[in-house]
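Please report on the strand pairing and the charged side-chain contacts of this protein. Keep it short enough to read beside the model.

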Amino acid sequence: MKIGDLVELSAKGKALKVCSKYIGLVGIISGKDETEKHGIGKKIWYYVDWCGGQNRVPHLRNDLKHVKK
């Protein structure tokens with residue numbers, strides 16, 4: 001995924017309680033951040049501006065999918 005891609009929640013993202021308010025919304029990737037904590041490995045967070053929702057909400061890649069055309 002890259003900045004500017006249109007996304008929606010994946011099945012895994014829809015199953016998360018913290019993401020329930022974004023179900024059915026479309027968003028655009030507005031940023032990307034890489035972190036490495038506690039020796040777990042590198043995680044890439046994608047910041048999404050949700051249409052009709054909040055802006056700059058961080059999500060992991062497996063919580064998102066591309067919007068189908």
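Two strands count as paired if DSSP finds at least two bridges between them. On that basis, Ile28 stands opposite Asp49 in E3. The model is predicted.

**The sheet**

Five strands make up an open sheet, and their pairing is antiparallel. The order across the sheet is E4-E3-E2-E1-E5. Strand E4 (57–60) and strand E5 (64–66) lie at the edges. Each has a single partner strand, so one side of each is left without a neighbour in the sheet. From one strand to the next, the twist averages 45°.

**Strand by strand**

Take E2 and E3 to begin with. Strand E2 covers residues 27–36 and strand E3 covers residues 42–50. Nine bridges join the two, and they run antiparallel. The Ile28 and Asp49 positions face each other here.

Next comes the E3 and E4 pair. Four bridges join these antiparallel strands. Val48 has Val57 in E4 as its bridge partner. The hairpin of E3 and E4 has six residues between the strands. Within that hairpin, Gly52 takes a positive phi near 80°.

Val7 has His66 in E5 as its bridge partner.

**Salt bridges**

How many salt bridges does the structure hold? There are two.

| Lys | Glu | Closest N and O atoms |
|---|---|---|
| Lys65 | Glu8 | 3.8 Å |
| Lys42 | Glu34 | 3.6 Å |

The cut-off for a salt bridge is within 4 Å, from a side-chain nitrogen of Lys or Arg to a carboxyl oxygen of Asp or Glu.

Lys65 and Glu8 form a salt bridge that links distant parts of the chain. Lys65 sits in strand E5 and Glu8 in strand E1, 57 residues apart.

Lys42 has a relative accessible area of 57%, so it counts as exposed. Glu34 is partly exposed, with a relative accessible area of 44%. The cut-off explains the labels: exposed means over 50%, buried means under 20%, and partly exposed lies in between.

Key
Residues numbered from 1 in each chain as written. Predicted model: local features only at pLDDT ≥ 70, side-chain atom pairs only at ≥ 80, totals over all residues. Heavy atoms only, no water. Axes fitted to C-alpha atoms, helices over the stretch in contact; angles between N-to-C directions. Buried < 20%, exposed > 50% of the residue type's maximum accessible area, 1.4 Å probe, protein only.
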